[in-house]
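Me: Please examine the following structure and answer a series of questions on its geometry.

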Amino acid sequence: MVRASRLLSLLLLLQTRGRMTAPELAAELEVSVRTVYRDVEALSAAGVPVYADRGPAGGYQLLDGYRTRLNGLTAEEASSLFLAGLPGPAAELGLADVVATAELKLLAALPPEPRSHAARMRERFLLDVPSWYRSGDDVPYLGEVAEAVWDQRPIHITYRRWGQKEVDRVVHPYGLVLKGGSWYLVAAPPGGSPRTYRVARVLTLETLPGHFQPPEGFELATFWAGYAKEFRERMYTAECVVKLAPGRGELLAYTLGRDVVEAALAAAGEPDPEGWLTLTLPVESITHARWLLLRMGADVEVLEPPELRALMREAVAELHKLYG
């Protein structure tokens, strides 16, 4: 069963990508090059017209015009496709009808058992993108942005930056990212480096004549992963040391963010005799840390820096004056 699935994957790779070398196929399939050789021989023996080109630019490929008709989706594979179609984002992009039609066609093409499994998946699982207590952004220009991304057309935008400052930009839109219920445009000025723009802050948009080509080697997923890492590093500009009460790790993770707290807990030493842990936490700023840590009440004691401890003391005094 495992080999049959791998042979099918190899066939689909050649069908969708064209010529591929044995090392490239081995990397995609996570097997050895020798296994690729054996699998190609097995496909040839089964009548699949796969052949090899010799030389530095060589590799395996299918005979021109050969296409396989594959209706053998498993129930799990078919069901996963319906989880991939997010109705909310698709509607925002103007693709709700297209997605619905594609789902109907896929359901109609499936055998009875996978069709029933896929239908149950759609009935019983829902992906809701925005965070709690906030709705998604109002994005009136999302459709135009998406069309410019798809057609590789430059756009002229008026954009509201942080602090309400409005700027004009001519940019090449490389891609769109949906993060936490908000749409972000990855774009660059002609000849410049890519950056991100929150689509909800686009105030005006004009699609310009002509087309552009993204820089060679640009990959949206790779750029976004690097941007997200740099954003986190830029965001945490200060550090504080606190003592955490026993059993309050989950509450602190909810308050400050799971990644930050889990890293701090992993680096922490042994708890004191009362079970309190001493943690070093990155924070956006001292004033922001004051606001967040006050939510923890008496479950957290700030040890350092002294200015944050003083701010906490002032806040407690104000609360005592109000409620005391």
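**Helix contacts, sheets and the pocket**

Reply: In this predicted model, Gly-249, Glu-250, Leu-252, Ala-253 and Leu-256 of H10 meet Arg-258, Val-260 and Val-261 of H11.

Me: How do the axes of H10 and H11 cross, and is H10 oblique or perpendicular to H11?
Reply: The axes of H10 and H11 come within 7 Å. They cross at roughly 135 degrees. Angles of 65 to 115 degrees count as roughly perpendicular and those over 145 as roughly antiparallel, so H10 is classed relative to H11 as oblique.

Me: How do the residues of the contact of H10 with H11 divide into nonpolar, polar and charged?
Reply: The H10 side includes Gly-249 and Glu-250, and the H11 side includes Arg-258. The contact of H10 with H11 accordingly divides into 5 nonpolar, 1 polar and 2 charged.

Me: At what angle do the axes of H2 and H3 cross, and why is H2 roughly perpendicular to H3?
Reply: The axes of H2 (residues 22-29) and H3 (residues 33-45) come within 8 Å. Angles from 65 to 115 degrees count as roughly perpendicular. H2 is therefore roughly perpendicular to H3, the crossing angle being roughly 100 degrees.

Me: Which residues make the contact of H2 with H3, and how do they divide by class?
Reply: H2 contributes Ala-22, Pro-23, Leu-25 and Ala-26. H3 contributes Val-33, Val-36 and Tyr-37. By class, the residues of this contact are 7 nonpolar, no polar and no charged.

Me: What is the strand order of the open sheet of 5 strands, and which strands are at its edges?
Reply: The pairing in this sheet is antiparallel, and the order is S6-S5-S4-S3-S7. The twist averages 50 degrees from one strand to the next. Two strands pair on one side only, and these edge strands are S6 and S7 (202-207).

Me: Over how many bridges do S4 and S5 pair, and which residue in S5 is the bridge partner of Leu-176?
Reply: S4 (residues 166-179) and S5 (residues 182-188) pair in the antiparallel sense over 7 bridges. Gly-175 has Val-186 as its bridge partner in S5. For Leu-176, the bridge partner in S5 is Leu-185.

Me: What is the order of the open sheet formed by 3 strands, and which helix lies across S8, S9 and S10?
Reply: The order is S9-S8-S10, with antiparallel pairing, and S9 and S10 (300-304) are the edge strands. S8 (residues 238-244) pairs with S9 over 7 bridges, with Val-241 opposite Thr-280 in S9. Running at about 10 degrees to S9, the helix that lies across S8, S9 and S10 is H10.

Me: Which peptide bond is cis, and what is its omega?
Reply: Most peptide bonds are trans. Pro-305 is found in the loop between S10 and H13 (306-323). The bond from Glu-304 to Pro-305 is cis, with omega near -5 degrees.

Me: How many residues line the largest pocket, and which element gives the most to the lining?
Reply: The largest pocket has a volume of about 1800 Å³. It is lined by 41 residues, with Lys-179, Tyr-184, Phe-231, Met-235 and Glu-284 nearest its centre. By class, the lining has 23 nonpolar, 6 polar and 12 charged residues. The element that gives the most, with 8 residues, is H9.

Definitions and conventions: Residues are numbered from 1 along each chain as its sequence is written. This is a predicted model: local features need pLDDT of at least 70, side-chain atom pairs count only at pLDDT 80 or more; totals for chains, interfaces and linings use all residues. Side-chain values use heavy atoms; hydrogens and water are left out. On a 1 Å grid over the protein atoms alone, a cavity is a set of points where a 1.4 Å probe fits but cannot get out, and a pocket is an open set with protein on both sides within 12 Å along at least five of seven lines; lining residues have an atom within 4 Å of a point. Grid points are joined across faces, edges and corners, and a volume is the space filled by probe spheres set on the points. Helices (H or I, at least four residues) and strands (E, at least two) are DSSP runs, numbered from the N terminus. Ala, Val, Leu, Ile, Met, Phe, Trp, Tyr, Cys and Pro count as nonpolar, Asp, Glu, Lys and Arg as charged, and the others, Gly among them, as polar. Two strands pair if DSSP finds at least two bridges between them. Contact means heavy atoms within 4.5 Å. Axes are lines fitted to C-alpha atoms, for helices over the stretch in contact, and angles run from 0 to 180 degrees between N-to-C directions. Angles under 35 degrees count as roughly parallel, over 145 as roughly antiparallel, 65 to 115 as roughly perpendicular and the rest as oblique.
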